[in-house]
Amino acid sequence: MTQLHDTMVEFVKALRTANIKVSPAETLDAVETLDIVGLEDKGFLKNSLSLVLSKTPEEKTAFEVCFDRFFSADKFGSNTSGSQQSNDAPVEDDAFDDENFEQEGSDDAPGGKGGMGGGQGGGEPGDESGEEIDFDPLSPQSDLGQLLLEGNRGEQMLKMAEAGRKVDVSQIVVFTQKGLYTRKIMDAMGLKGLQDEIGEMQDEGGRPEMHLAGRLKGARDQLREAVRDYVERQFFLHADESGKELREELLRKVKLSNLEKRNFKDVQEIVFKMAKKLVSIHSKRRKTFKRGQLDIRKTLRNNMQYDGMFFDLKWKSQKVDRPKVMCICDVSGSVSNYSRFLLMFLYSLAEVLPKVRSFAFSSDLGEVTRLFEQTKLEDAMAKTMRDYGNGSTDYGQMLSDFKSHCMKDVDSKTTIIILGDARNNYGDPKSEILREVYDKAQRVIWLNPEPKSSWTVGDAEMKKYAPSCHQAEVCNSLTHLERVVANLLRVAT
Amino acid sequence: MAIKHFERLKDVETIRSHFEQQRYICSLEIATAVFLAYHLEKPVLIEGPPGVGKTELAKTTAEMLELPCIRLQCYEGLDESKAIYEWKYGKQLLYTQVLKETLGEILDGAQGLSESVAKLHDFGDIFFSEEFLEPRPLLKALGEKESCVLLIDEVDKSDHEFESLLLEMLSDFQLSIPEIGTIKAIPGKKPLVFLTSNNTREISDALKRRCLHLYIPFPDAELETKIVEARVPEIPPKLNLQLVAFIQELRGMDLKKVPAISETIDWARTLILLHSESLDAELVRQTLNVILKFQEDIETVKSELQGVTNRALKAS
């Protein structure tokens, strides 16, 4: 069954590139499932594997697409039902690849289809025009030549898949690599031997030799076509998504201010993904709490050593640990991009951060919490920008507004995040208010999108604000943002 | 795993027809899940919106196989003493009292401390033994002689720690009790485990990895019609089609809580009670509170009632 199992491993690899998390244990399960379910019924197999391998509704959708692409074959059932499961597996494996191939061939390149006919024709010289049967057709000497002219289709496909595996065709990342991989696979299949042979035949120049050389050439060209299709299929299976991964990786690191509008959608996706990760790590974090219901069981156990006298009491109650966050965002032109993502991030974390209050300001501070709750993220962003954005920045005004409106809500459990470049247009920084907040709140975190070296240059007041912050950090990429928020959740007590 | 009536799990179609006999109409996916759960000996994690028959699936499976169904309802704060086992503390305390009194007898004739300790060791200790063990659902499920269906309901309501507690049970069908050792399921009689989740929070990957994952969505119109027919056999086919079409349309609307299958069935029963033969706007208006549970939703739907009803009538 090993061939069949290899196919499953390949399939799992394809799933992983499609962003479906599959663990090795699940791969084993899938193999076991395959043994139980068999290949006769494609729909059944698909349902079964979907149960074993994909674990969220989104993954299930992705799974279906992947499955159809991987096992693309309308003749799946008919071919395999002929060779029942009890037959040796490689045959069935061929069937997979084989059909994959044929479908692609007929879809994309009619030449590919013809190629198959030619390849098989080698096995039955009767196909060739009548007069040529007179002499004994020479049989080719090189491995590839033999395979092409005498081997059956299945073997050829198997060989191709093997070669593909050998050159790691699943590592293909960008479109332009297609040619490279096609050549690599051809080489791995023994193209050189075949070329030499064709050369030799042509040199010798006899009629049978010339005939054979012609046939070999034809077969070679058809094989090349086939390999190209194969690579293309692999590209769609593997690269489509890994290309995306690459892009995401890049976007995570790029400065938020350099992001272009067209990338916003991707970034949004990443933000949600990151937030989701944080949520699943941190939701339901608890710590033991020194008050609450008596845990009889634990107490009894613990006090048995004292002859049943209860003097070491154990308590049951636990406390859910969730920080209260107030987030103040500078939305003046220069930093608006950052605040956009910070707000987005915090909002996606709603499950672990139920009490996020958001404020936006250029000069006057305004609360946007309700706006964010009621409207869609994009609209809310746009409205915030319209109402508060693009004025000249005044941190002093913001701080005094904050003091008059929100100071009463700040308590020792509140974390305050301020996002801004602290460029105050040479106005009064009023850092004493921040000091007051600092004394009252649990934590004050300042996220500055500018590099540390420019924190004190020009009208930047970071030098005055920083001492009144528990933490002042550079934050200008998604990775930074993720780190800050993760810390926020971890340190919160 | 040879359990009673295992032949009813022979293949997917058999499962489906047996489910149908139990008046549980299921899709191919659901039957496949039950099939694989048995043959791979793996638990099934069922997710989906509330009221699509997640819990019902486990119960029906139990009925179909004529096995006992042991149910563990999860909630915040559920811990091992309620899910796995508990010691009978009262009896344990009594036992120590008894022991104290017989201590003299046991140590009778012992010379020196070391000999006494040796004698004490020889004395069979049953303080931590199964005699004093109070099995809770999970442990009970392992001990069932004829296998059983174990339903761990709304696992998302439990705490993170509890999830980890389940892992041992789910992957190896065994539980460890520190004082006694590991208790394993009777070979060949492993329980069929179903976990349900309403997705109020993300289930951990570790747990998901050990389970088959079944997502039950709202059924399509055809399937829902069949379900209503199976559950409320006395419903006229025409009314059935109409009300399913109506519900299907509601699901497409922007509601706080869309009606699930259970609501459809309730509604069907209501309409039967009212001796209705066909839907009309007035009837719907009066019975809307059966299918919609929020005043807001009722208001939303009422405003479009006539249109939706007309379309539902046309669909039948």
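Tyr426(A) counts as exposed because it has 9 C-beta neighbours inside 10 Å; the scale calls a residue exposed at 12 or fewer other C-beta atoms within 10 Å of its own, buried at 20 or more, and partly exposed in between, with C-beta atoms placed from the backbone. Keep in mind that this is a predicted model, where local features need pLDDT of at least 70, side-chain atom pairs count only at pLDDT 80 or more, and totals for chains, interfaces and linings use all residues. Residues are numbered from 1 along each chain as its sequence is written, and chains are lettered from A in the order in which they are written.

Let us stay with that loop for a moment. Tyr426(A) lies between strand 6 (414-419) and helix 19 (431-440) of chain A; helices (H or I, at least four residues) and strands (E, at least two) are DSSP runs numbered from the N terminus. Although Tyr426(A) is not a glycine, its phi is positive, at about 60°. Lys430(A) sits in the loop between strand 6 and helix 19 too, and has a positive phi of about 50° without being a glycine. Is Lys430(A) buried or exposed? Lys430(A) counts as buried, because 21 C-beta neighbours fall inside 10 Å.

Now to where the chains meet. The contact draws 23 residues from chain A and 21 from chain B, two residues being in contact if their C-beta atoms, placed from the backbone, lie within 7 Å. On the chain B side, helix 2 (28-40), helix 5 (89-106), helix 9 (205-210) and strand 9 (212-215) each supply at least two residues. Helix 2 of chain B gives the most, with 7 residues.
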